[in-house]
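Biologist: Could you walk me through this structure, one question at a time? I would like to see how each answer is reached.

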2 protein chains.
Amino acid sequence: MSEKLEQLKERLGEVADIGRAASVLGWDQQVNMPPGGNEARGRQLATLSKIAQEKFITDEVGRLIDDLKQELNGGNSDEAAMLRVAGRNYDKAKRVPPAFIAEQAIVSSRAFEAWVEARSKSDFSIFRPHLEKVLELVHKYISFFPPAEHPYDTLLDDYEPGMKTADVKTIFDGLRPKQVELIKAITSRKQVKDDFLYKKYNEKKLMDFGEDVISKFGYDWSRGRQDKAPHPFETTFSVNDVRITTRYEDDNPIAMLFSTMHESGHAIYEQGINPDYERTPLAGGTSLAVHESQSRMWENLVGRSLPFWEHFYPELKKTFPKQLEGVSLKSFYKAINKVEPSLIRVNADEATYNLHIMLRLELEIAMVEGNLAIKDLPEIWNTKMREYLGVTPPNDAKGVLQDIHWSGGMIGYFSTYALGNLISAQLWEKMNADIQDLDGQIRTGDFSELLGWLRKNIHQHGQKYEPQTLVENVTGSKITFEPYIRYLTKKYGEIYGL
Amino acid sequence: MSEKLEQLKERLGEVADIGRAASVLGWDQQVNMPPGGNEARGRQLATLSKIAQEKFITDEVGRLIDDLKQELNGGNSDEAAMLRVAGRNYDKAKRVPPAFIAEQAIVSSRAFEAWVEARSKSDFSIFRPHLEKVLELVHKYISFFPPAEHPYDTLLDDYEPGMKTADVKTIFDGLRPKQVELIKAITSRKQVKDDFLYKKYNEKKLMDFGEDVISKFGYDWSRGRQDKAPHPFETTFSVNDVRITTRYEDDNPIAMLFSTMHESGHAIYEQGINPDYERTPLAGGTSLAVHESQSRMWENLVGRSLPFWEHFYPELKKTFPKQLEGVSLKSFYKAINKVEPSLIRVNADEATYNLHIMLRLELEIAMVEGNLAIKDLPEIWNTKMREYLGVTPPNDAKGVLQDIHWSGGMIGYFSTYALGNLISAQLWEKMNADIQDLDGQIRTGDFSELLGWLRKNIHQHGQKYEPQTLVENVTGSKITFEPYIRYLTKKYGEIYGL
């Protein structure tokens, strides 16, 4: 390896170390920290982030990247990919002035507080001036970059490298009518029974059950752990220390199982990345959508499938004999797949979830285009909810104020959730073509071939490929909605007898 | 505040933030980390330590310290103290070349591995060449500094700023014969009964009991937490996030209570430091000995006292009625204060503990002076054990190989344990003069006046004063052994009827 490459790797390695250290501090903040620790923790995280930035955007790092790019002259090697990603991140980081980052931190922090208050009082007017300021900064952020086809492209690219707004629009425009149609068909049918899911389930037993499930998935406990936290998440301290959190909700205990499976999907991805990528920009999943494809796959395509519960339901019934007394496998399966248009995204079922996302994407694009005044947001939100899902938020808390994202300036993020769903189904079709009797394997609790397929085709590559390239390499097609619609139609056709 | 002071504080604040972040990573490593995380964690900690060092020893920081020292021209203000401590640390840090630090890290890491193996095989010859190398580096380290009265001074100063080897020698020379005499007197008496301490005690109940005790001491749970770890320790992430760990040992369950009290003493100190010192070099306890005075005070002078158990014993007996059936308060009190010359320092009782330390100090000084060949260490160790404590180690594992310190290059550290004991008794005498009926207050479980006294006289000052100055300011005398001997003589006189 050339001396310059060695040098660059050392510089980037330090930056990566600081980032991972910050992740440890962030995890601790959610999982362990006593309330008093908050203020100092904020400062410590700010310092680490500032130093990581300083260490990254030095002229030396810029020169090394340029020199090495010339030396390697493209190609498909890991080194070339590392240089591409490092160069992209470097270019982005250099364009955004530190003063802007500081301003954004302050604005977001105030916007977050206002959002908390606004949501608790269900009063959008409290949040409105802050969201206007957030949007102003979003416009300013966009202005640091060369003009794109669409201004929203600049935002999207931070979460889905290489993805264009036009691509997402095309995909969603194809998906929307089919999904609305499916939901209409479902809601015309007899609803399934699911009252038994809302009985009292022992938290410890549920947690143990979830941990047993993800052990079988292939989550490696010698390189991870699960804790409780107010919000479930996955976080990576190294390829050999990938942790998840889960939560227990009194009014929806079974959700804990699916949350554990979901986060384990993120974690299994991270645990499977080529260890040679450690401390380089290739470490970590390639994009939010591909990450979400992994979490949603284990949660939904595996964890809410009939073969899965053919294996696990007897055990669950043994663990909760009273709660599930008289509940057949089929009834349980239908219950955990109940479709019901509802107000809150995070509680949405598989069939309606994407519509929540499309609504948000449309509003974000309109805001960025300047075609939507913030003051009109609640009204337009409610109108779209009626149109897509047939429900009307009774107040802003259950409408436009439900998500945290905008208060943190995260505009451009939402579509990745829906794209993740689509990718999961694309991969699922390909896997079923490649693996003999995948359903049969799942029915016996054997996930090894499935995991092996994901390791080989997705996980190991880390950030080597951009999401569209990765998906195309593996499935032969860029991200597309057809497999997901086929999946939903087949699944809900059977459940609701369409 | 002058602009330069502002600048210096900001630079030092960043260095402090990085140090605190490293502490979070260290805590996590001991408390939570899955085994796989080890390698990356080592790298992350190395990077943080390197960056903190880089950020600290810049010419700019040096200039700011010099300019400000001239500007302030001494005095007793917090700013002047901060400059003194920053200047001292800066000077030390500048003298030690980064290449040496790297070499030391490698040598220590190998020495640690050799020590683990040597101890498990009870074979000093495995550790010997490594200890020789460690000692070589210690000599090299000393050579970076201007010649001191005694070469050992340079080492001691890192743990006890301002303390001289001659001072410690004088103190210990006075203490040794009295302590040897006391132990001889005790061992000629009838031994107390303590078999009931080694029954089976429920871990959870012991942990809860300990937490109840330290809540009454004044440990603030909104600014801390207790976890389990293989080795008990205290660690500080900010004045408002000070955590402790404890452990349960099957063969000595009650030790958990005293370990919790001990660590809470360190933590209560850290929680009580002037919050204005945050992110400055004045944050944190002033020296290891003063820190140890706080932990040993709560553990021993409070936690092994009769008034303490007059309050807590009924509760303990209610918690463990079977284990303590027929055991009177007095019998329990005597049992937890049993004196028995033994081989292992960490298990030593109050009366014998200091002799373990003196032995180590004498060996360290001889090693540093070059008057002791490493190959002769086991023999000399054993001879001194016989002389001071009347016991002979049956093997090196229970002798010269028992402590981790030397493998990590920590030479100069041990005496702080004994000095801490001495300081605790000095403070105790002064407190009893200042506080009306301290014993009576403890007997009712009221520690508020005691805590208030410590807050005012010790805790709040952080590192503003060097240890000898602090002790003299508070007690009217520098560190001295007489109060400790008075304390031991009175206590054990009563227990053993001397």
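Biologist: How many salt bridges does the count come to over all chains?

Modeller: Please keep in mind that this is a predicted model. A pair counts here when a side-chain nitrogen of Lys or Arg lies within 4 Å of a carboxyl oxygen of Asp or Glu. Over all chains, the count by this rule is 98 salt bridges.

Biologist: Which residue forms a salt bridge with A:E315, and where do the two sit?

Modeller: Helix α12 of chain A covers residues 306-319, and the two partners are three residues apart in it, which means that about one helical turn separates them.

Biologist: How many helices and strands does chain A have, and what is its radius of gyration?

Modeller: Chain A has 20 helices and three strands. For 498 residues the globule rule gives 23 Å, and the value for chain A is close to that, so chain A is as compact as a globular protein of that length. The radius of gyration of chain A is 23 Å.

Biologist: What rotation superposes chain B on chain A?

Modeller: Two copies of a chain are related by a rotation about an axis and a shift along it. Here the shift along the axis is 0.0 Å, and the superposition has an RMSD of 0.0 Å. That is the relation of a two-fold axis. The rotation is 180 degrees.

Biologist: What area is buried between chain B and chain A?

Modeller: In this pair, 38 residues of chain B are in contact with 38 residues of chain A. B:P34, B:R43 and B:Q44 supply 16% of the area that chain B buries against chain A, more than any other three residues. Carbon and sulfur atoms give 54% of the area buried between the chains, which is about 2,800 Å² in total.

Biologist: How many salt bridges are there between chain B and chain A?

Modeller: One of them joins B:K55 to A:E54, with the closest N and O atoms 2.8 Å apart. The side of chain B that touches chain A has 14 nonpolar, nine polar and 15 charged residues. Between chain B and chain A, the count is ten salt bridges.

How values were computed
Residues are numbered from 1 along each chain as its sequence is written. Chains are lettered from A and ligands numbered from 1 in the order in which they are written. This is a predicted model: local features need pLDDT of at least 70, side-chain atom pairs count only at pLDDT 80 or more; totals for chains, interfaces and linings use all residues. Side-chain values use heavy atoms; hydrogens and water are left out. Copies are superposed by least squares on the C-alpha atoms of residues with pLDDT of at least 70 in both. Contact means heavy atoms within 4.5 Å. Buried area is the accessible area (1.4 Å probe) that two parts lose on being put together, summed over both. Ala, Val, Leu, Ile, Met, Phe, Trp, Tyr, Cys and Pro count as nonpolar, Asp, Glu, Lys and Arg as charged, and the others, Gly among them, as polar. Helices (H or I, at least four residues) and strands (E, at least two) are DSSP runs, numbered from the N terminus. The radius of gyration is taken over C-alpha atoms; the globule rule is 2.2 Å times the number of residues to the power 0.38.
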